[in-house]
Amino acid sequence: MTRKIWCFAAALAATTVLAPPLRPALADEAAFYAKAAAPYKGTTIRVLDEITPLQETLSKIVPDFEKETGIKVEWELLNHFEVINKGQADMLSGRGHYDAIMLHGSQLGPMLSAGVILPLDGFVADPKLMDPGLNAADFIAAPYKTTAFYDGKQYGFINWNYNHVYWARADLLNDPTEKAAFKAKYGYDLAPAKTIEQMRDIAQFFTRKKGEMLAGKPLESDFYGIVLEGIKGGSTFSNLWVNFIENYGGDVLDKDGKPTFDTPQVVAALKMWRELWTYAPPGIAEYSLVDVPTVMGNGIAAQSLAWSDFVLGIDKPGVSPYAGKFVYGPVPAKAGNEAHRHADAEPSVTVINAASKQPQATFLFLQWLADKRQQDKLIEMGQGGVPIRESSWALPAIKDSTNPTLFAAMKSSLDVAVARPKMEKYPEMFDAMSGIAQQVGLGKMTPEEGAKEGQATLLKLCGGKSCTL
Amino acid sequence: MASAGDTILDAPARAAPREPAWYPYLLIAPAMLMLVVVSLVPFLYAIWLSFHEAKFGRVKDFVGFDNYLTLLTDGRFWNSIGVAATFVFIAVPIEFMLGLAGALVLNQNVRGRSLLIPLLFMPAMMAPIVVGLLWKIMLAGSWGFFSYNVLERFHILTDTSVFASPDLALYALIFVDIWQWTPFMMLAFFAGLQALPLGPYRAAAVDGANPFQMFLHITLPLMTPLLAVIGLLRFIDAFKVFDTIYILTNGGPGTSTETPSILANKMTFEFWNIGEASALAVLVWIAFFAFCSVFYQVAKKRLNAF
Amino acid sequence: MAEITERSRGRSGLFWTAAVVVYALIVLFPIFWMATMMVKPNDAMFARPTQWLFTPTLDHFAYVIEQGFHWSLLTSFVLCTVSTALVVLIGTPAAYAFARFEMKGKDDLFLFILGSRMAPPVCLVIPFYLIYAKVGLLDSFLGLTLAYMTFNLSFYVWVLRSFCRDLPVELEEAAALEGWSRVQIFRRVVFPLLRNGIVATAVLCFIFAWNEFLFAFMLGGSSVTTLPVSIPKLITSQGVRWGEMAVVGMTALVPVLAVVFVLQRHIVRGLTLGAVKG
């Protein structure tokens, strides 16, 4: 199923690039919102979103909506886990305090099966509410199509295209001594890894003990070839699933949603996963998605796979002494399987709470957020960001960025980024499976045992039925 | 010596019963009423939820004892009880002993106590969530201050980090709990020591008792009520500890530090299986209530602690 | 404290003082380390090797103020004061009654009070949330004040009752013979004797409320944000804002430290009323 969607999405993306539709002048946009919002003037809507540098920038743009429409927006930002806890509690209890809530792609399964998200189709079909200039074809297609739609209905636009990139130390990869030594040992040139195997070689090559030389200087403490997320929970399992298992040609679920965790491809991916853990810092099993960038920023590891929006916060002067010494690339593919590459992503969408008392005004706001004017401003003000629109790649903040490899890596990830299939039991699955990912990574379980146990766990959780909605 | 203590150890004297019988009930009524509203009602609601399928917080069918059966046959639940039991039975006695020892030391002629006491009490004044972050700063793998400057430098622990190791993580959490709560015990016990009457000690000194005998035969019996109350409350709180574990390991690696509170948090906020989480609350409550009732009766009769 | 020093059998306090100071230095080191992080630039925060010397920065304070954390501080202060005052108001008579009077089923009632503290709060927070959502108490001062009763009222009654036990009943009887009413006796005899105990226990309740996270997070909201709840906002996707976290963590410590410092005489004397008997 994923693959089919991906082909469709690619086709859609291609048409978008080839034939950019005409856009009305910007003044028309503002006029549309002023007119459409007239019946809702003076109302207040509450929106819950996650606090990251992207949203902090966006919070400076949100007041413009109030000026244009007269609809007041209470814009609340909470930490990642809090948004999930509080947002879901609000929706599931039917309290309706928040009119709109940001959901990560993976949260959509449980929330859709609980029936607490309002479909937008009625509003989309209403010319009084739907902005003719929105230009949905400009949204980066793969994440948009796989996240915002389910079973023929639309549940949102797209808000945040969180995605994984490959992250490495340019100063080490470009060091002449290291380059020569690497070439002598592995027979090819040291460069940012294009394949998982190269990533493994580089990890192995740079894992060194205190006192050994690194780039011509003796190490004051141990140095590691790679750092990955390894904590139980978080996005550890999604990293293993997409960046490893899918790139190895396997999958966790087949197209019918039945578990396929005991295939040879999964076992091979788990073997690689285990091997990489041996080149990682000893604390890997406690590293969360927040710790991985911290470790990279401390300069104790040579490479990583990390969320690109986190990178934006670390690779800045004054935050890390290694800022500016990094290089980025697409998530490495499996050698020989480059044509079917995958990159972990968590496209996220702000949805309307079924208990909202102001769905129309909320709809206008969500649409306004996704509008090109706001997105352009967001990218420019944030000096970059994670685009949701194809046209954003051409903006000066990205095109002329001082960190060009990061945005190129991001773009390549987003080209193949799809949301996870919508699973009712995703939290239980991720909890159990990240435990297995940890056990295999730590070497407490062989890859074969992990595959067997994972398969059994999934079968039990889904009750022998399909794991997807 | 014994006679001196006896007046204290006697059951507390009661005022002559000249008030109407309802008078004490009137005094406890506001507190009781408040607890019925804020504590009993939510708890009864939780009991009601525990008999229902309440996936995603939406109450569906009545399922009888299904949630309880699921829980009681789940190895993960028993694992969490084991983890919490290990945690409590190591942490609380150590906190208790260290607290008592510290209180006895403080009770010597220590100078600058008015400055030292607030400082020593600081760990217990901090929000548990800050304590969690603080120990992450100290013990996190590779970048933690202590991990790097001590464990790594002196090759004490290089192949793993304390919170990443299934064998060490729980003991690290116990250590953090001891760090946080020993000062609390110490201060409470010190206050108790400061308040002891001097008479029995004078009598004992005349009898030629040594300091150890005085401790055993005067201090300890006189302190029993306080020790029992503080110990029991700490025991209950330690079993429920949540914030620090949530921040430091969230139950991992694997399920090696997953206490019932952490498991319940997952059932509630990740799986949204409110029925089962409520069943867990009820089971934990029953176990505690049984334990506390027995403890209360025994402590009351044997030690006159209540 | 002169009456107590005579008990320490002439041994020099210097040795013990030194022992306590050494102990304090070891135990308090992590807090000291966190305190330095308040003014530490981000790139020196976890540098390897550890940087002991650095150019201090006030950036973290600026961010904390910009984000309005001082409002959380105020909210916390008002909320904890009100809820602690309420605990004292309704808990004191109850503790006194449990210590003084015979009641039918007294043990059961007393255990019921402790029972309110036994269930893991994590499990109760959703029932609370669902009830509060129905009656409209979410995100309100009243709602949180009530929720804090679940853990503080029981603690207060249990601990204070052990002080009340030690009140000399003779004084009350004497006052009763003088023809004083129950209320007069309570106000003029019991309360002054119990004051230290009340202060000591109330301070502990204040600390528990001050540091509580789970209820404050789920039942509070944008209009009632306590200090602990404002901390996770610093755990952002670009890493934990450690400097800011240190600022908030240390700031949160200051009022409590001040309270304990000012009231320590009461706290220390409070627990079993030694001042009365000694």
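This note goes through the predicted model of chains A, B and C by chain, interface and helix.

1. Basis. The model is predicted, so local features are reported only at pLDDT of at least 70 and side-chain atom pairs only at pLDDT 80 or more, while totals for chains, interfaces and linings use all residues. Residues are numbered from 1 along each chain as its sequence is written, and chains are lettered from A, with ligands numbered from 1, in the order in which they are written.

2. Chain B. Chain B holds 14 helices and zero strands; helices (H or I, at least four residues) and strands (E, at least two) are DSSP runs numbered from the N terminus. The pattern along the sequence is α-α-α-α-α-α-α-α-α-α-α-α-α-α. The C-alpha trace of chain B spans about 70 × 65 × 30 Å along its principal axes. Of its 306 residues, 53% are buried. A residue is buried with 20 or more other C-beta atoms within 10 Å of its own, exposed with 12 or fewer, and partly exposed in between, with C-beta atoms placed from the backbone. Among chain B contacts between residues at least 6 apart in sequence, 69% join residues at least 24 apart; a contact is a pair of residues whose C-beta atoms, placed from the backbone, lie within 7 Å.

3. Chain C. Chain C has 14 helices and two strands. Its C-alpha trace spans about 75 × 65 × 30 Å along the principal axes. Buried residues account for 50% of the 278 residues in chain C. For contacts in chain C between residues at least 6 apart in sequence, 79% join residues at least 24 apart.

4. Contact of chains B and C. Chain C contributes 92 residues and chain B contributes 88 residues. On the chain C side, the largest share is 13 residues, from helix H13 (residues 242–270) of chain C. That side of chain C divides into 62 nonpolar, 17 polar and 13 charged residues. The classes are Ala, Val, Leu, Ile, Met, Phe, Trp, Tyr, Cys and Pro as nonpolar, Asp, Glu, Lys and Arg as charged, and the others, Gly among them, as polar.

5. A helix pair across that contact. The axes of helix H2 (residues 23–50) of chain B and helix H7 (residues 121–135) of chain C come within 9 Å and cross at roughly 100°. H2(B) is therefore roughly perpendicular to H7(C). Axes are lines fitted to C-alpha atoms, for helices over the stretch in contact, and angles run from 0 to 180 degrees between N-to-C directions; 65 to 115 degrees counts as roughly perpendicular. Pro42(B), Phe43(B), Tyr45(B), Ala46(B) and Leu49(B) in H2(B) meet Cys123(C), Leu124(C), Pro127(C), Phe128(C) and Ile131(C) in H7(C). By class, this contact has 10 nonpolar, no polar and no charged residues.

6. Phe128(C). Phe128(C) sits in helix H7 of chain C and counts as buried because it has 25 C-beta neighbours inside 10 Å. Apart from neighbours within four places in sequence, Phe128(C) is in contact with Pro42(B), Ala147(C) and Leu219(C). The C-alpha atoms of Phe128(C) and Phe215(C) are separated by 8.8 Å, although the two residues are 87 residues apart along the chain.

7. A helix pair within chain B. The axes of helix H7 (residues 128–139) and helix H8 (residues 145–152) of chain B come within 3 Å and cross at roughly 35°. Ile137(B), Met138(B) and Leu139(B) in H7(B) meet Phe145(B), Phe146(B) and Ser147(B) in H8(B). The contact of H7(B) with H8(B) comprises five nonpolar, one polar and no charged residues.

8. Contact of chains A and C. Here 28 residues of chain A are in contact with 22 residues of chain C. On the chain A side, the elements giving two or more residues are strand E2 (72–78), helix H5 (80–92), helix H14 (291–298) and helix H15 (308–314). H15(A) provides the largest share, five residues. The chain A side divides into 13 nonpolar, 10 polar and five charged residues.

9. Domains of chain A. Chain A is divided into domain 1 (2–158 + 346–403) and domain 2 (163–340), with bounds from an automatic or database domain assignment. The domain centres, taken over C-alpha atoms, are separated by 32 Å. Seven residues of domain 1 are in contact with seven residues of domain 2.

10. Helix H16 of chain A. In H16(A), 12 of the 12 residues are buried, so this helix is largely enclosed by the rest of the structure.

Definitions and conventions. Contact = placed C-beta atoms within 7 Å. Parallel < 35°, antiparallel > 145°, perpendicular 65-115°, else oblique.
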